[in-house]
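I take the confidence of the model before its details.

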Amino acid sequence: MKKINVLLATAIAAVAVTLSGCGKSGGGRPDFGDNEYPVLTVGVETAQTQTTYPATIKGVQDVEIRPKVSGFITRLAVQEGQSVAKGQLLFTVDNASYVAAVRQSEAAVNQAQASVNSAQAQLATATLTYKNSQELYKNNVIGSFELQSAKNTMETAQAAVAQAKSAVAQAQAALANARESLSWCYVTSPTSGVVGNLPYKQGALVSPSSTPAITTISNISSMEVYFSMTEKDILSMTKNAGGINAAVSDYPPVRLRLADGTMYGHTGTVTKVSGVIDPSTGSVSMIARFDNPERVLKSGGSGEIVVARTNASAIVIPQTACTTVQDKIFVYKVGKDNKVVYSEITVNPQNDGKNYIVTGGLKAGERIVSNGITKLTDKMEIKPISQERYQQKIREQAKSMTAGDIVGGMKK
């Protein structure tokens, strides 16, 4: 007897679930033997919608690192994934020839400076000789020819000093250039961030045109998430806000759904909108910035931008009131004469699996059949009942089933 009671209770529960079950096709309806259908009057309520966009995650600053000079890598000073500061050494390129060039340039500077010293000494002698010649000329010891010769010698010495100083300047410039070239052998980080892949190891030959880059430094203290909106959505957003700048300022905070399906712990802010529509996709690129204090987000990752909006006058109806035919959604409206009309509606594609937010084809105050619509036909007359009465009839019918009926049905 106890076993039968258990089976009876289980069967009743199953019948109740089956009778009240529903889906996108409107669900079934118990056979009440009458023409009564639950009807609800459409009203407005506050509802929150969510729109998602595929997204790509990038660091605020992703810098590809390549050397300015060609050579073999002699030292790797960092590891993949390591955090580095601006100016920190990343790797060294073979610098022997550049060190030699610096030493050669230093020698050239010293030689040029020696030439200046020699020219200045010769100038001092020529200047003294010219002054003495002026005194001798005044005393009629020498003639004008000797005086002019002394002056010419002094001026020639002056020109030699100027030329020697110019040579020093050129040698110093060459030395500075050699030192700069040598500094290019020590590749440092241009920004603080995280080291990416290191495809080249010690001993590899690299150059300014190396592909791929030696590595990438990503500043991930905050991240930029790229996503795209359709031209239609952008136009609507811009018109409602009164301009693209105002639209960006008024854009609500956005969330980021990560690749594993979890929601990122910080909200983001839309900061940029492209001014050009991509002709191949008809979309506009947008950028949202997210703080990344825990370093959860990685440059190159993917996810979904989730935009939540609140609609204070939304029309929300249960999916049990709807049927889907070839991607179109229909309901049965109930007229004043209680005859149903098969009517197409449009809904927001985002839903919670139980209800639809209607965007067109249905107005507040209209009546629709909420359950059992698979048994309806267009222009059919029904007897409207409330949802509460409908559920009560389901319970009454389930209770009226005898244990024998249930057990017999189970044996079959």
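1. The model is predicted, and its pLDDT averages 85 over the protein, with 89% of the residues scoring at least 70. Among the elements of the protein, the highest mean pLDDT, 96, belongs to strand β18 (residues 367-369), whereas the lowest, 44, belongs to helix α1 (residues 2-20).

2. Over residues 1-24 the pLDDT stays under 50, although the model has 29 contacts for this stretch beyond four places in sequence. Where pLDDT is low, the predicted coordinates should not be read in detail.

3. The packing of helix α2 (residues 96-138) against helix α3 (residues 144-183) is described by an angle of about 165° and by axes that lie 7 Å apart. Because angles over 145 degrees count as roughly antiparallel, α2 is roughly antiparallel to α3. The crossing in which α2 passes α3 is left-handed, and the contact of the two helices comprises, by class, 27 nonpolar, 14 polar and four charged residues.

4. A further point concerns Gln-350, which is found in the loop between β16 (340-347) and β17 (355-360). Its relative accessible area is 30%, and Gln-350 is thus partly exposed. Which residues does Gln-350 touch, not counting those up to four places away in sequence? They are Gln-50, Thr-51 and Thr-52. In the case of Gln-50, the separation from Gln-350 is 300 residues in sequence, while the two C-alpha atoms are 6.2 Å apart in space.

Key. Residues numbered from 1 in each chain as written. Predicted model: local features only at pLDDT ≥ 70, side-chain atom pairs only at ≥ 80, totals over all residues. Heavy atoms only, no water. Axes fitted to C-alpha atoms, helices over the stretch in contact; angles between N-to-C directions. Helix = DSSP H or I, 4+ residues; strand = E, 2+ residues; numbered from the N terminus. Parallel < 35°, antiparallel > 145°, perpendicular 65-115°, else oblique. Left-handed = near helix turned anticlockwise from the far one by under 90°. Nonpolar A, V, L, I, M, F, W, Y, C, P; charged D, E, K, R; others polar. pLDDT = per-residue confidence, 0-100. Contact = heavy atoms within 4.5 Å. Buried < 20%, exposed > 50% of the residue type's maximum accessible area, 1.4 Å probe, protein only.
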